[in-house]
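Trainee: I would like to learn how to read salt bridges in a model. Where do we start?

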Amino acid sequence: MRRLFFAAGFSAALVQMVAVREILARAGGNEYVISVIFLVWLAGSGAGALAGGLLARRLQEPRLAFSFFLCALAVFPQFMFAAITVFFPVAAVAGVTPGFYATAAVILIAAGPYCLMAGILYPLALAVSSADEGDGAAGIYLADTGGGVAGFLLFVFLLVKNAGSAAVLVVAAVVLAAAAWPWRPRRRALMAAALATACVSVAVMFGALATAAHRAGVVERHDSGYGRVEVVEREGQTTVLLNGRPAYASRTPALAEMLVHVPASQTRNPARFLFIGAAAGMVREAEKYHPARIDYVEVDADLARILLERGLLARSASLRVTNRDPRRFVRHQAEQGGVYDVIVVAAPEPETFQENRVFTVEFFSMIRRILAPDGVFAFAAEGYENYLGPAARARFACLRATMKAVFPQVAMVPGVRTVFIGREGETRTFAIPAVLAARGIETEYLAPFFRGEVTAERLRYLEEEVGRDEAAANRDLFPVLPGLVFAGWFARSAATPVLFAVICAAFFLFVVLRLDAAEYVLMGAGFVAMAAETVAIFSFAVLHGYVYEQVGLVAGLALAGLFCGIAAGRRTAAARAGDAAALLFASDAAVVMLLAAWGWGMGRLGGGTAVCFLLVMTFAVSMLCGFQFAPAAAFSSARGRGTAGVFGADLAGGGAGVVVCGLLVAPRFGIPAALFAAALVKAAGLFTFAATRR
Amino acid sequence: MGIDRRDFIKGSVALASAIAVGGGGVWLAARRGLLSRSSDITGHVFRGQGPDSPGEFAREGMFYEKMGGKSAVCSHCPHRCRLAPGDLGICRNRANINGVVYSLVYGNPCSVNLDPVEKKPLFHFLPATTAFSIATAGCNFRCLNCQNWEISQRRPDEVRHRRLFPEEVVREAQKAGAASIAYTYSEPVTFFEYMFDTASLARNHGLRGLLISNGYINPEPLLALCRVMDAANINLKAFDETTYRSLDGGGLAPVLEALKILHSEGVHLEVTHLVIPGYTDGVDELKRMCAWLLANLGPDVPLHFLRFFPRYRLDRLEPTPVRVIEEFRRIAMEEGIHYAYTGNIGISTGANTWCHNCGKLLVERKGYLIPVMEIRKGRCRYCGTRIPGVWPS
């Protein structure tokens, strides 16, 4: 049975990664979408575990149901893949990014049944194996988590770049089917039906794959560690799409001209350029200054290669491409004494905490260290055409406050995007066309259209509107900007996250009210484990950069901690059978203290020490959370509660941890506050448990 | 009560069949394109969301019909919203307050700018002059690609305004040296009273009126407007009713009617068509559009083809290839349109004006700069052909 659950955990991890990749490629990659996927996964599995408990109690012959759900679990991912492919175009009209609720609905429809079935398996497995409930549950959970670690690491380090989604799903299905073979239905007719279903499911998946590949004009597609990159060729135009959104297109010089010439026109001798990310045509524009050096830093090597190969960035003798995390690059340059006259961040405004790290006060301070005294720093923000709406206003105010925290002079120049420039000396906005003319630099957009884009009225309006309200600067550990970007995303689809929050709150309240004290402890453990993983990933991204493998390492470490904790908990619970309550109480207290220590240490440590501290804390907190599973299951079992509730509570708690810490607390109150929230939940569990025991 | 094996198998088969039939049906429909792009995004009346009493910026509507029980039908645009007391129209800025339909945005524009007239775009109307441009919150369309969605898709109370009544608009426009006042950005049809009064007053002060609109307006208000308006650019968003409904939430027929009225009433007219990949880039549709324009407005109405860029909700379509825009211009001219232009593609010869008779370059446009101007007293400097439009004397 444990081998089977190891395979189930392994398969589920692969399926989850494929689901995340496919959904992000269609719905855009932001923390809300990612959180909804994890929420559906965890809460769906939790609900499945509760339903499985009911089913196991009522079934006269649970083995048949068990083998049925095993078969279903092996073949359903293919249908899930097909559903993602088919329902996203249904959820939104052509060319439109589906809104939050449409996305959530598709995720629920596509992934919900799989998660429910995965959850149902736990109690059915216990019913089939008739093992001692407490230890059996912990054993299954241990095997499942171990499989999850293996699947996750395999995907992150090997499959993500080397295998398409269909291939990964086939691997997941084959592994699960092989492990489930001893549990196959004994009747030939049922077996034939199962095999036929498997064949149909594979056919469905490849049919869906054909539909997915149907986008007209796609000539190249890559799944890099940072998302899906597609190249579309149509009528002589090359467009590069990132996760389905056009990010670079040929013959669109406006943004490149703004990003290069607005800052370059402020400085006397723009000879050294640093581009962090790029817009199509930026190198060509920079070449007009005959620079000594153009450094282009792009963390995604596949993307940089495609841009150069497709001519969206010109090849030039002065161009040096570096595929490295921008923060590490800038730090390295600062250590080496590198200096630039013009530094441009051409990354999109952050929709994830990982992307946020090039828009923070800390990063801008690093930039300033490598900026020449006469140098200029610039980036562009979207959202001002003729009026600045509330979401854009808040974003602009945050960005300006972040710039002002580092640069004495900050200016905004409207156009196809609004370019923010920061420098030591004075900024000269209206002089831009004259400077370009004096230098003999011709532009297709900037100078010819300047008269209509940069007027005294528009500049005055921007200054007044952006400066009207006090805004907080965006910082590494207090990332306010992604929250403001999310607000804009909700505003565009005329939606509000309030309904989502209410639904989640009602669901979790319903679950909490039905929990026993031990189950509550486990729900808290699930909550803290997922919150800790989320915080660890956010913090690691801030400290170390958005390197997919390393973020995967953090998540793998959290799962490994969970795995070790479960193993340790099983042994301890077996050795001290009567002390389950005491073990739970002590481990709860330890979790609270660890979280407090984590919160204290965060921000006080720097460099390699901070990374080590983070990794140690991630492992330790996850281990303590895993440790609680076996004593809680034993305690719950001793009180006559089924193990289904134990599984359900843990998984539902995980879902709550993702939503509360990842979506509500971290973007609004900062990453340390998310740890504080997790500690609060655990402390509440401690008191509840103590009160119940009394 | 337990479940036996037979019940379980029956239940499982039923569930699997339901999922297979339902999912298969949806998939088949989706693959045949039956589910995508079939939605009508026309807005709806906002029940009970209007104000209780008219505020400082409310003015009684010029065109509406009172119905029984204090209900009223707003008749400015073809939506003809039937409003009960307290209701807000589709446009979000016209409300029924105690049986009277009010415009809620009279004198409080949320966007005020001084723009080159070429930005509207108007290429045959006082080139190189500036237009004092105003807009209020609200629109009767729901365009997926609206670049001004933060004002057009908002209620007046959701945006920040300026207090600017018609007299002040005229005063500020004169102070700024504008040649005209443009009613633009969102949808001026929805702030009809404010536009009408301002345009009437501006005309007395020598300022021209520019209507930059989707043309979704009923004939009666449009005829009234023609008396005070000097030029119009109508955005003919598509030449297909279905596309109008799914892309913009409006209809084609009323827009065509509006074009005919503007032309016949002598308002200088230019037409804009945004070429959106997959929506409005069909050559057959283009040819039908040109044929209609030629038959109903003649060959002299300038036609602008604009390149689409991902905006607002339509953010997963690539920009229109430049070649397609240039091809559209070529086809339109081949079909008989005298003045077809390209837009949103940077500096291009397609943005220049060439005499339709002698083919010489008359107006060279480099963005908003006009380095060459060879029209004298409204005629080609080379062959003397009259060039349609309003030109500086």
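Trainee: Is Arg160(B) buried, partly exposed or exposed?

Mentor: Arg160(B) is partly exposed, at 23% relative accessibility. Buried means under 20% relative accessible area, exposed over 50%, partly exposed in between (1.4 Å probe, protein chains only). This is a predicted model: local features need pLDDT of at least 70, side-chain atom pairs count only at pLDDT 80 or more, and totals for chains, interfaces and linings use all residues. Residues are numbered from 1 along each chain as its sequence is written, chains are lettered from A and ligands numbered from 1 in the order written, and side-chain values use heavy atoms, with hydrogens and water left out.

Trainee: Which residue forms a salt bridge with Arg160(B)?

Mentor: Side chains of opposite charge can pair when their charged atoms come close. The rule: a side-chain nitrogen of Lys or Arg within 4 Å of a carboxyl oxygen of Asp or Glu. Here Arg160(B) pairs with Glu465(A), with the closest N and O atoms 3.1 Å apart. The pair crosses between chains. Glu465(A) is buried, at 4%.

Trainee: What parts of the chain does the pair of Arg305(A) and Glu220(A) link?

Mentor: Distant ones, 85 residues apart: helix 10 of chain A holds Arg305(A), strand 1 of chain A holds Glu220(A). Helices (H or I, at least four residues) and strands (E, at least two) are DSSP runs, numbered from the N terminus. The closest N and O atoms of this salt bridge are 3.6 Å apart. Arg305(A) is partly exposed, at 28%, whereas Glu220(A) is buried, at 14%.

Trainee: How many salt bridges are there over all chains?

Mentor: The count is 44.
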